[in-house]
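Take a look at the model below. We will walk through its charged pairs and then turn to its surface.

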Amino acid sequence: KKQAPYPFDLTTLQTEGYRCFGYTPKRTLDIAQKLYTATYISYPRTSSQQLTPKLGYKKIIANLMKQIDYTPLGNIVLKTKLVPNNGKKTDPAHPAIYPTGIAPKSMDAQEKKIYDLITKRFFATFGSEAVRITNTVTIDVNTELFIAKGTLTKIPGWHTLYMPYVKLKEIELPAMNIGEQVLVKEIIQHDKETQPPKRYTQSSI
């Protein structure tokens with residue numbers, strides 16, 4: 001079971017901006033600052049992962065639903081108790097980053113991406129838990145054990161609200177039973193060496 005994500009603080013937004021779009025942390029902050037200046041999102045320079053009911057969730061969602069892209073998401077969220085999955089990090093000056101509900105009048109391509117990411121993250125924090133099922137299969141080949149794993153999403157939950165930014169591999173294994181014999185067509189031996197750790201990216205550092 002995977003709980004809904006926390007609301008964005010600046011660091012998490014920058015990390016997601018790099019993961020989803022390849023934007024440097026500085027570029028993401030610059031875009032967020034422009035969106036804030038235009039009153040489309042809240043103050044981005046925050047370390048808080050918490051939203052407060054004082055913001056008026058229903059009003060924000062109702063305004064976001066006036067944008068066609070977010071109408072279906074709003075209909076899903078309004079059926080819940082509207083309790084966000086807040087994180088532990090707080091900021092005495094500002095809440096987590098959220099869309100104000102004011103419909104953007106004009107944005108360039110990069111601004112649209114960051115705005116969409118922030119808005120869908122806001123919706124996702126109210127989502128129900130997602131359920132993924134992992135099957136692990138152990139195959140005994142002359143006492144040498146080989147292991148295969150496959151994972152599928154059973155109940156998407158909040159994933160529906162955060163698409164297309166949920167990037168999880170769906171690996172389905174064929175149906176198998178305990179004790180079943182399988183035909184080994186070929187055995188390949190790989191000769192590998194340990195590799196050094198990957199270099200830091202601007203996001204990982």
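Are Asp116 and Lys120 buried or exposed? Asp116 is buried, and Lys120 is buried as well. Buried means under 20% relative accessible area, exposed means over 50%, and partly exposed lies in between (1.4 Å probe, protein chains only).

This is a predicted model: local features need pLDDT of at least 70, side-chain atom pairs count only at pLDDT 80 or more, and totals for chains, interfaces and linings use all residues. Residues are numbered from 1 along each chain as its sequence is written, and side-chain values use heavy atoms, with hydrogens and water left out.

Now the salt bridges. A salt bridge is a side-chain nitrogen of Lys or Arg within 4 Å of a carboxyl oxygen of Asp or Glu. The structure holds 7 of them. One joins Asp116 and Lys120 (3.5 Å, N to O). Both residues lie in helix 5, 4 residues apart, about one turn of the helix. Helices (H or I, at least four residues) and strands (E, at least two) are DSSP runs, numbered from the N terminus.

Another salt bridge pairs Glu170 with Arg132, with the closest N and O atoms 2.8 Å apart. Glu170 lies in the segment after helix 6 and Arg132 in strand 1 (residues 131-141), so this pair ties together parts 38 residues apart in sequence. Glu170 is partly exposed, at 42% relative accessible area.

Lys89 and Asp9 also form a salt bridge (2.6 Å, N to O). This pair links distant parts of the chain, 80 residues apart. Lys89 is partly exposed at 37% relative accessibility, whereas Asp9 is buried at 1%.
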